[in-house]
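These are my notes from one sitting with a structure. I wrote down what I looked up, in the order I looked it up.

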Amino acid sequence: MTERVVKTGYLLGVALTLSAVIYFFASNWQGMDRLEKVGLSIGLMWLFYGTSAIFAYGMKRHDFLGRWFFVAGAVAFGITMALIGQIYNSHADSYWLFFIWLVPTVVLAWLTKYELLSVLSVVLMELTFWFYYFPSSYGIVRGEWESFLILLLFTIVNGVVFVFHRSAIVSYLAYAAMHGWLFVIYFHKLAYHYVEWWPYVYVLLLIGFFYYFFAVEKRRIYVLLTSLFAGAFLVVEYFRFVGEHFETGFLLGGLVLSAAIVYASVYLLRRVKNISSEGEKGRIFLIVFQVIVTFVASLIAIASIMGLLAIWTESPSMNLLFAASVIGFVMPAMWGRDWNPAVRYTLLATGYGLGAITASEISTVLLTAYSIVLLVCYLLSAEAGIRSLTNMALSLYTAMIMDHWTDEARLALLVVVVLNVCLYLFLQRKKESRLLPLTLGLGAFLLTSIDFFEADVWYVIANAFFAVTIIALLFAPPIQKERYEHLIVWGYFWLFLFFKYYEFAWDLLDKSMSLLLAGLLFFIGTAVQEKRKGLLRTSAAHKLYRKWAPLLVAIAAQTIFAGYVVWDKEQHLRNGEVVKLELEPIDPRSLLQGDYVRLRYDISTIPHIDGRGKVQVVLRKDNDGVHRFVHVYSMNGKKQEGYVRQEGDVLVNGTLYGNTIVYGIESYFVPEGEGMNLQERTRFAYVRVSETGDALLEEVRGQ
């Protein structure tokens, strides 16, 4: 048992325990009252921070575990704020939640200089931006320039972080996020037809960034990231253009474009020695760059060929197309060993893609025979690129064959898993890279454990075996390229937990208890083995703890802030005036807060009004005791004319987006599984309105 295995065991314990906490609070268990839940969440936050200090100062061999528990404490603060939002029915996945979580995380990252906290800060910043622009619990309409400037601001903020942050990982994330928001601006132009000049600016930006990092700075990761977004832009723009001009000439132009992309990649790869070097990193750069080029060029080529067939023939023969894919693309790529790899891989990917399009229409026996031939080619080939593309084609064809023969999608996926296990073992014997069969095999295996299949005994077995497989791979003895294989396995571990959170086949509360038990078992088992073999060396405390006094102040500030928010909400519930509103509910699940009913009120849309900013509306009780909209009292602090006050009128604050008003009471959190029942029998919401006009949703009823 190596030091790496010990750290893996402890990390699994921390991850499972933290996941158990998230699942527990998201379940919205009704066995505790509001203050008990808040007290428990704050107590858990302090438990994580306190445990971190104990491991760091009292057990110096476990400094790494102290750092992980410190990060868990920072995450627990976010869970606490999410729980407060759940208890008092604040917006689900509100950008305020992630912003409030972001602020102390940035402070802790600055004080400790711990990279993991910096990474968490970037993630929280992106979530803040995302849920500000795409709120989950209400819909708003923004003006063209308003949307553009907001998205541009997000882009600039990420650009500033990219330029000035010293952490390489944070800079990579910020650069990717910056391009992501640029792409959102471009996509919004397509969807809503505004800022017509933006695609031209976007092209210039992509060219500028690519040239700078390729020819000036010679930075591999940034070249790949820029290439990825440039490829996405080319694909989307091609499909948009063809959709508007579905003609033979333009589709032939698509084939020319595909060839031009391949030619440009050949030219660039000849010059790639400027930014590449001998060794592992240079080789990985070449592979990833080639993957991007192959994917983009082959996708455009496939779309062009299918478009031409649709124009030239009323009902193209799938058998003829299949033969053309094999003879015209796959066979030349297999035999042209002296050709440039970019050309060969694009031809092969195009042939495999066309074959996949025809697979559901041709004979299953023919497809099976073809797959067997491809398997033989895979085993005989010595080229990693040919093997990788053939591996993906074999996995896809095998799934389609088995699904056609058995009509059991889960069985088809399991056969794909077996195929990739065999290929993995074959490559292990050949001592070659086996990352792709590992990725495809685990991906197919994960799909068998998701609840879009029937939640029967096979569902339970699939989940159990997938969890066991992940654990076995994480604790496997050192093997070639261990670091990258373990990154893939850890990625699937987190995906597994993510999917389990959103599945309805198994209650969150049961999942929470199971994860907590598993986490404790990993802690205890790892500690016992470590004590028996004494595997960890004594080490000095990490610099994370050198500024313990300001860290303590920051943690205390988190607690005080959470306590103040709870006190303010409780005062609001006790002293606010009760208002009854008519509503229309629907039922999704929040990222951290569990199930909720999304509410839309009859006072949410105000006719004959259009504006932006803060607004106060007047509500008046009708003969049925329901409060209805009467008048806009003020907009952005300016009182509106025409209102005559009557006894019993209530002023409520909101934010106006066009003719839609958001009051902050659009989410009502419910215990897991009760949302649909509540939706069917709920007609009214009871809201507490404070003297200042702030609204707090108290409960919903059928009458």
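How many aromatic pairs does a search of the whole structure find? I found that the count is 57. I note here that the model is a predicted one.

**Entry 1: aromatic rings.** I looked up Trp-130 and Phe-134, which form a tilted pair with 4.4 Å from centre to centre and 40° between the planes. Trp-130 is partly exposed, at a relative accessible area of 41%. Phe-134 is also partly exposed, at 27%. I then looked up Phe-493 and Trp-494, whose ring centres are 5.2 Å apart. Phe-493 is buried, with a relative accessible area of 7%, whereas Trp-494 is partly exposed at 43%.

I also traced a cluster linked by ring pairs; among its members are Tyr-95, Trp-96, Trp-130, Phe-134 and Trp-181.

**Entry 2: charges over rings.** I found Arg-387 over the face of Tyr-378, 5.8 Å from the ring centre. Lys-580 lies over the face of Phe-684, and here the distance to the ring centre is 4.4 Å.

**Entry 3: strands.** I followed an open sheet of five strands, in the order β6-β5-β4-β7-β8, and its pairing is antiparallel. β6 (638–639) and β8 (660–662) are the edge strands, as each of them pairs on one side only. Between β7 (residues 650–658) and β8 I noted three bridges. Leu-656 stands opposite Ile-661 of β8.

Next I looked at β10 (residues 684–689) and β11 (residues 695–701), which are antiparallel and joined by six bridges. Val-687 has Leu-697 in β11 as its bridge partner.

**Entry 4: surface.** Which residues make the nonpolar surface patch of about 420 Å²? I listed Met-513, Leu-516, Leu-520, Ile-524 and Val-528. Leu-516 belongs to helix α20 (residues 508–533). Its relative accessible area is 31%, so Leu-516 counts as partly exposed.

Is Phe-452 buried or exposed? Phe-452 is exposed, because its relative accessible area is 54% and the cut-off is over 50%. I placed Phe-452 in the loop between α17 (435–448) and α18 (457–474). The C-alpha atoms of Phe-452 and Arg-4 are separated by 36 Å, and these residues are 448 residues apart along the chain.

Note on methods
Residues are numbered from 1 along each chain as its sequence is written. This is a predicted model: local features need pLDDT of at least 70, side-chain atom pairs count only at pLDDT 80 or more; totals for chains, interfaces and linings use all residues. Side-chain values use heavy atoms; hydrogens and water are left out. Two strands pair if DSSP finds at least two bridges between them. Helices (H or I, at least four residues) and strands (E, at least two) are DSSP runs, numbered from the N terminus. Patches are made of residues with over 30% relative accessible area and no salt bridge: like charges are joined within 9 Å, nonpolar side chains (Val, Leu, Ile, Met, Phe, Trp, Tyr) within 5 Å. Accessible areas come from the Shrake-Rupley method with a 1.4 Å probe; for residues, only the protein chains shown count as cover. A salt bridge is a side-chain nitrogen of Lys or Arg within 4 Å of a carboxyl oxygen of Asp or Glu. Buried means under 20% relative accessible area, exposed over 50%, partly exposed in between (1.4 Å probe, protein chains only). Rings of Phe, Tyr and Trp (its six-membered ring) pair if their centres lie within 6.5 Å; planes under 30 degrees apart count as stacked, over 60 as edge-to-face and the rest as tilted. A charge sits over a ring if NZ of Lys or CZ of Arg is within 6 Å of the ring centre and within 35 degrees of the ring normal.
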